[in-house]
Amino acid sequence: MAATGAEEYVPATRDLGELADAAHACKGCDLYLEATQVVFGGGQRSAAVMLIGEQPGDQEDKAGAPFVGPAGRLLDRALTSAGIDRNAVYVTNAVKHFKFTRPERGKRRIHKTPSRTEVVACRPWLIAELDSVRPDVVVLLGATAAKSLMGNDFRLTAHRGEVLRFPAADGAVALDVDPQVVPTVHPSSVLRGPPADRDKAFDALVADLEVVAGLLA
């Protein structure tokens, strides 16, 4: 089945509950075929801060909620360290279904990065969430989330921790909101890094989130 994009499945509403319900029927790309369920965003519905990751992981796919696995717990710690109330933010992902591969004869599901086609196919859901929450600040967690909204040429390493705006026109996305945007790494990158470097990587993530806290002050 060829990917058609999610646009035809997204209802014309700003109600997050209705959007979340509708997302369960989405067949805008083929990821729904293998994933357990769609994982829509969650959190404060009028949040000042919206955090956008790449895609749900194994535990999120099973639970049906975003950022509940190891990376989510690390993100919770980083937000607390930066002085941001975790209960006052909205968290979501650029892609709403878990993409994975299995080792031959293995049962463990291993994360696989979504393709550009899959990211673009799922973007109408993300735009609908942005238009519904209308945050003051958007935090882009990782390269996939950043490229989804900033354009495919965006380089996270060159801009992490900076305060940006969404491009006025990049040929990819048109938004009816104009939040401040802070790109940073995905918390899973801290967990994947060498153990000796994790404290330093965590502190760098917290420093980026402190930029966000400063924007809210």
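Q: What makes a space on this predicted model a pocket rather than a cavity?
A: A pocket is an open set of grid points with protein on both sides within 12 Å along at least five of seven lines, whereas a cavity is a set the 1.4 Å probe cannot get out of. The largest pocket here holds about 810 Å³ of space.

Q: Which residues line the largest pocket and lie nearest its centre?
A: Lining residues need an atom within 4 Å of a point, and 31 residues line this pocket. Ala71, His111, His186, Ser188 and Arg192 lie nearest the centre.

Q: What makes α7 stand out in that lining?
A: Its share: α7 (187–192) is one of the elements giving at least two residues, and with four residues it supplies the largest share.

Q: How many residues of each class are in the lining of the largest pocket?
A: There are 11 nonpolar, 13 polar and seven charged ones, with Gly counted as polar.

Q: What lines the second largest pocket?
A: That pocket, about 170 Å³ in volume, has Val10, Pro11, Thr13, Arg14, Pro124, Ile127, Ala128, Asp131 and Ser132 around it. Five are nonpolar, two polar and two charged.

Conventions: Residues are numbered from 1 along each chain as its sequence is written. This is a predicted model: local features need pLDDT of at least 70, side-chain atom pairs count only at pLDDT 80 or more; totals for chains, interfaces and linings use all residues. Side-chain values use heavy atoms; hydrogens and water are left out. On a 1 Å grid over the protein atoms alone, a cavity is a set of points where a 1.4 Å probe fits but cannot get out, and a pocket is an open set with protein on both sides within 12 Å along at least five of seven lines; lining residues have an atom within 4 Å of a point. Grid points are joined across faces, edges and corners, and a volume is the space filled by probe spheres set on the points.
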